[in-house]
Amino acid sequence: MAAPLAGVPRGAGRAAEPAGGNPRGAAGSPRPPPRPPGGDPPPSPPDRRKKKDDNILEIPSIPNPFPELCCSPFASVLSASLLPKATSRKKQVIKVYSEDDTSRALEVPSDITARDVCQLLILKNHYIDDHSWTLFEQLTHTGLGRAIEDHELVMEVQSNWAMEEENKLYFRKNYAKYEFFKNPLMFLSSSTYPEIHGYLHAKEQGKKSWKKLYFLLRRSGLYFSTKGTSKEPRHLQFFCEFSNSDMYMSLTGKKIFGAPTNYGFCFKPNKSGGTRDLKLLCADDEQSRTCWMTAIRLLKYGMQLYQNYMQPYQGRSGCSPLNVTPMRSISENSLVAMDFSGHRSRIIENPTEALSVAVEEGLAWRRRGCLRLNSHGSPIAMSNMAIHRSQSWFHHKISREEAQRLILQHGLVDGVFLVRDSQSNPKTFVLSLSHGLKIKHFQIVPLEDDGKLFYTLDDGHTRFTDLIQLVEFYQLNKGVLPCKLKHYCARIAL
């Protein structure tokens with residue numbers, strides 16, 4: 001006698017073999033197995049179908065890894081509560097401005113970062129990615145501005161804006177964004193991380209007056225001493241913390257807040273209700289302000305700031321951020337410099353000679369272009385009037401203050417420059433150059449010799465036929481300048 005099926009509920013076993021010993025049923029169905037002792041009588045065909053359905057439903061369901069390919073009504077994974085929900089990223093429209101106040105509307109995901117927005121604009125406008133592009137936040141009403149960190153979410157930044165404020169996002173270059181990692185001694189006077197302390201002007205809360213106090217930077221925030229330059233904890237009073245506030249540079253501090261100098265910065269709470277919540281400070285010079293703001297950025301963001309700096313270079317084996325240049329196309333890498341001046345052509349293997357030949361060839365091409373364009377006058381006149389005006393580094397009829405503001409926006413890194421018209425002498429030009437966290441101005445004087453016009457920076461010792469030749473010379477040679485010309489200030493258009 002067969003043993004009963006263990007673990008099978010009553011009524012869930014197989015039906016017994018019908019009488020008569022037929023191996024197959026009338027309809028050709030397989031012969032059912034023997035019925036266990038004490039089992040129920042064989043069900044009718046409709047009952048058997050119903051019983052099979054019940055058996056199927058009692059089998060534990062196995063999650064289907066491909067629910068969209070399955071249409072079985074018995075698969076429990078297809079219930080409405082278990083269907084995969086759509087994870088489409090919500091998109092919003094942002095408006096980004098350039099230096100000439102042209103703007104561009106972009107439809108971007110709600111979780112896009114400042115770096116991603118810059119990369120998108122670089123691709124759309126075919127700019128060279130030299131890792132200095134920045135998204136800049138400008139608060140028009142209070143005259144404050146800051147470079148948004150690469151990892152920050154743009155929508156979170158805009159969520160802190162009040163509805164009535166006409167704030168803007170600018171797309172521009174900032175060469176000083178990560179200059180601290182390249183040249184720490186430019187900002188701090190020690191090879192190790194120093195203790196930041198010194199005098200700053202602070203605006204008294206609820207008053208128009210400013211007070212000079214001795215400040216100290218700690219991990220927990222910014223403090224000032226209530227007793228001279230004492231650093232004892234009992235003499236330190238809390239001024240501001242950094243986790244729930246952002247640091248801004250004051251662009252018009254003297255005009256709006258009556259600051260004693262032009263080197264102001266402040267802390268604005270993320271959910272600020274207005275100017276009453278601002279913590280306003282002012283340094284005595286640009287170097288002091290840059291030192292304080294750089295140290296606070298490092299203290300607030302820490303390793304995240306270094307990761308932002310290193311991110312563009314990750315994945316390039318053997319490359320360091322100090323010597324990586326913008327990548328060139330394959331066709332450009334396959335080109336070599338050739339010399340066709342002799343009877344036989346030769347490959348120029350010396351890089352310095354190749355660069356010199358390239359510069360000379362460019363100058364010769366420009367001179368030939370002047371002769372073609374100027375059929376009714378002298379080639380020198382055409383050079384003075386038109387050629388340099390087409391260059392990105394030339395800014396026509398801007399003031400000294402505007403030039404300094406433009407260089408400051410691009411970052412006070414050694415070698416940031418522009419060329420502009422002189423306001424005091426209409427026939428001359430001015431080279432404005434950043435060096436040592438200061439902006440210096442050098443007059444470019446025209447000289448006439450044997451009916452030919454030249455330009456010089458050193459009283460005629462070094463002469464140039466046009467401004468383009470002058471700029472290209474000082475990009476390769478320091479000469480009388482404190483440093484070479486490295487980065488030019490340009491008004492980009494979107």
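The model is predicted. The chain has 494 residues, of which 36% count as buried, and its secondary structure comes to 12 helices and 20 strands.

- An open sheet of mixed pairing is formed by 12 strands, in the order β2-β1-β5-β3-β4-β10-β11-β12-β6-β7-β8-β9.
- Strands β2 (103-109) and β9 (236-240) stand at the edges; each has a single partner strand, so one side of each is left without a neighbour in the sheet.
- From one strand to the next, the twist averages 40°.
- Strands β10 (residues 245-250) and β11 (residues 263-269) run antiparallel and are joined by 5 bridges. Within this pair, Ser 245 stands opposite Pro 269.

**Helices on the sheet**

- Helix α2 (residues 114-125) packs on the sheet and touches β1, β2, β3 and β5. The direction of α2 makes about 125° with that of β2.
- Helix α6 (residues 286-301) lies across several strands, including β4, β10 and β12, and runs at about 165° to β10.

**Nonpolar cores**

- In soluble globular proteins, nonpolar side chains tend to be buried together.
- The largest nonpolar core holds 30 residues, and those touching the most other members are Ile 94, Val 96, Val 117, Leu 135 and Phe 171.
- Two or more residues of this core come from each of β1, β2, α2, β3, α3, β5 and β12. Helix α2 gives the largest share, 5 residues.
- Another core, of 21 residues, lies apart from the largest one; among its members are Cys 240, Cys 291, Trp 292 and Ala 295.

**Salt bridges**

- The whole structure contains 14 salt bridges.
- Arg 115 and Asp 150 meet through their side chains in a salt bridge (3.0 Å, N to O). Arg 115 lies in helix α2 and Asp 150 in the loop between β4 and α3, so the pair ties together parts that are 35 residues apart in sequence. Both residues are buried.
- Asp 246 in strand β10 and Arg 146 in strand β4 are 100 residues apart; the closest N and O atoms of their salt bridge are 3.8 Å apart. Asp 246 is buried, with a relative accessible area of 9%, and Arg 146 counts as buried at 7%.
- Asp 246 also meets Lys 300 in a salt bridge (3.1 Å, N to O). Lys 300, in helix α6, is partly exposed, with a relative accessible area of 26%.
- A network of salt bridges links Glu 137, Arg 146, Glu 152, Asp 246 and Lys 300.

Terms used. Residues numbered from 1 in each chain as written. Predicted model: local features only at pLDDT ≥ 70, side-chain atom pairs only at ≥ 80, totals over all residues. Heavy atoms only, no water. Pairing = 2+ DSSP bridges. Helix = DSSP H or I, 4+ residues; strand = E, 2+ residues; numbered from the N terminus. Axes fitted to C-alpha atoms, helices over the stretch in contact; angles between N-to-C directions. Contact = heavy atoms within 4.5 Å. Core = buried A, V, L, I, M, F, W, Y, C linked by side-chain atoms within 4.5 Å. Buried < 20%, exposed > 50% of the residue type's maximum accessible area, 1.4 Å probe, protein only. Salt bridge = Lys/Arg side-chain N within 4 Å of Asp/Glu carboxyl O.
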